[in-house]
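Good morning, and thank you for making time for this.

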Amino acid sequence: MTNKYTNLAKSPELEQKVLSLIEKSFDYSTENSFATDFYPLMNPNNHSNCHIILEGNNPIAHIGVLNAAIEIKNKLFSIAMYGGIAVDKHHRGKGLFRDLFNHIYPQYHCALHILWSDQIDLYKRMGFYPAINLYSYSMLEKKFKNTEQLRIVKTKLNQLKTEELSQIFKLYNKPNEARIKRDANDWNVLKKITSADLYLIKHNHDKVINYFIINKGQDLAGIIHEYGTVDNESIQVLRQFGQVWSTQMFKDHQPQALYAALVKIGDHTKFRDLVSHYCEFNIQKITDQAIHFNFKDESFSLPIDEFLTGIFGPNRLEEIHAPYLYIPGLNSI
């Protein structure tokens with residue numbers, strides 16, 4: 001039988017069925033909502049990127065895509081992030097995910113394709129490899145106590161005053177990390193993730209000097225997955241509220257090394273441009289197995305997975321001194 005492809009923009013009446021398919025696939029508890037936890041993906045303005053395979057009038061497979069950009073040294077590079085990947089349990093093992101992915105993949109002409117999954121072997125067959133540097137710092141038993149000079153206030157993004165949001169906006173853009181680009185509209189969309197808790201770190205009861213975000217409904221429970229800035233001192237404070245995920249290495253805090261996502265090379269020209277701008281490796285050729293490149297007048301060749309981890313981490317090549325890619329949890333899907 002020929003697969004029938006559509007998306008939620010063309011078939012908005014399927015929204016609740018699609019959400020049900022996703023939540024059943026992810027074993028979502030009744031007190032949580034995928035539509036809330038991943039609002040940027042399921043936002044009606046993104047419905048044209050919520051792709052579906054139909055059997056009759058019933059969705060039996062779904063892949064959502066969210067277009068974004070990483071800012072590297074003041075230049076933007078396009079990425080496509082994949083989430084809400086679900087196949088009806090009665091139709092698994094039939095290659096529906098591969099069919100749907102191959103159907104939609106040509107639509108996204110970006111430098112990198114990124115998704116989050118622990119099914120590494122499955123996605124390796126699709127060209128996705130574990131990459132992007134990440135460290136996990138366990139929660140401390142010690143509890144922070146507010147003082148007259150420094151206090152931490154729990155709130156939500158959608159409850160912020162205009163000045164507080166402006167201060168957070170500046171903090172987000174300040175660190176020496178290659179972060180997902182956000183404009184004012186992006187922040188307004190993120191406000192809809194009401195399942196995430198925001199903590200403001202204020203000096204003298206007024207100015208926001210840092211912030212962090214923990215939880216996201218059923219996803220990232222107990223994990224601080226976004227912060228304004230982080231250093232050896234501030235991470236000590238953050239760890240009193242939850243487990244911290246960061247690109248930064250603080251040896252004194254005994255981090256566990258992780259990978260942040262599964263990464264697939266996108267459009268070869270755009271990927272070459274990203275790599276050249278990021279670390280001055282000049283890619284000469286990309287094959288299904290390896291990447292051939294020049295660096296400082298020498299030629300090299302690495303398998304694709306080793307190249308990706310060598311560039312972005314973990315186990316980054318010592319020749320690279322560029323800022324690490326940072327994808328906060330509010331953006332991950």
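Let me begin with a question: does Lys94 count as buried or exposed, and at what relative accessibility? Lys94 counts as exposed because its relative accessibility is 53%; here buried means under 20% relative accessible area, exposed over 50%, and partly exposed in between, with a 1.4 Å probe and protein chains only. The residue lies in the loop between β4 (75–87) and α4 (96–104). Helices (H or I, at least four residues) and strands (E, at least two) are DSSP runs, numbered from the N terminus.

Before going further, a word on the basis of these values. This is a predicted model, in which local features need pLDDT of at least 70 and side-chain atom pairs count only at pLDDT 80 or more, while totals for chains, interfaces and linings use all residues. Residues are numbered from 1 along each chain as its sequence is written, and side-chain values use heavy atoms, with hydrogens and water left out.

I turn now to a pair of helices. The axes of helix α9 (residues 268–279) and helix α10 (residues 304–312) come within 11 Å and cross at roughly 40°. That angle makes α9 oblique to α10. Axes are lines fitted to C-alpha atoms, for helices over the stretch in contact, and angles run from 0 to 180 degrees between N-to-C directions. Angles under 35 degrees count as roughly parallel, over 145 as roughly antiparallel, 65 to 115 as roughly perpendicular, and the rest as oblique. The crossing of α9 past α10 is left-handed, a term used if the near helix is turned anticlockwise from the far one by less than a right angle, whereas clockwise would be right-handed.

Which residues form this contact? From α9 come Phe271, Leu274, Val275, Tyr278 and Cys279, and from α10 come Phe307, Leu308, Ile311 and Phe312; contact means heavy atoms within 4.5 Å. By class, the contact of α9 with α10 has nine nonpolar, no polar and no charged residues. For that count, Ala, Val, Leu, Ile, Met, Phe, Trp, Tyr, Cys and Pro are nonpolar, Asp, Glu, Lys and Arg are charged, and the others, Gly among them, are polar. As a general point, an α-helix has 3.6 residues a turn, so residues three or four places apart point the same way.

Leaving aside neighbours within four places in sequence, Phe271 is in contact with Ala111, Leu112, Ile265, Ile283, Ile286, Ile291, Phe307, Leu308 and Phe312.

Returning to α10, seven of its nine residues are buried: Ile304, Phe307, Leu308, Thr309, Gly310, Ile311 and Phe312. Just after this helix, Gly313 takes a positive phi of about 85°, and the peptide bond from Gly313 to Pro314 is cis, with omega near -5°. Gly313 counts as buried because its relative accessibility is 0%. Apart from neighbours within four places in sequence, Gly313 is in contact with Ala131, Ile132, Asn133 and Leu308.

Where else does the backbone take a positive phi in a residue other than glycine? Asn215 has phi near 70° and is found in strand β10 (residues 207–216). Gln254 has phi near 50° and lies in the loop between β12 (243–246) and β13 (256–265). At 70% relative accessibility, Gln254 counts as exposed.

Arg239 counts as buried because its relative accessibility is 7%. Not counting residues up to four places away in sequence, Arg239 touches Tyr137, Ser138, Met139, Leu140, Val244 and His253. The C-alpha atoms of Arg239 and His253 are separated by 9.6 Å, and the two residues are 14 residues apart along the chain.
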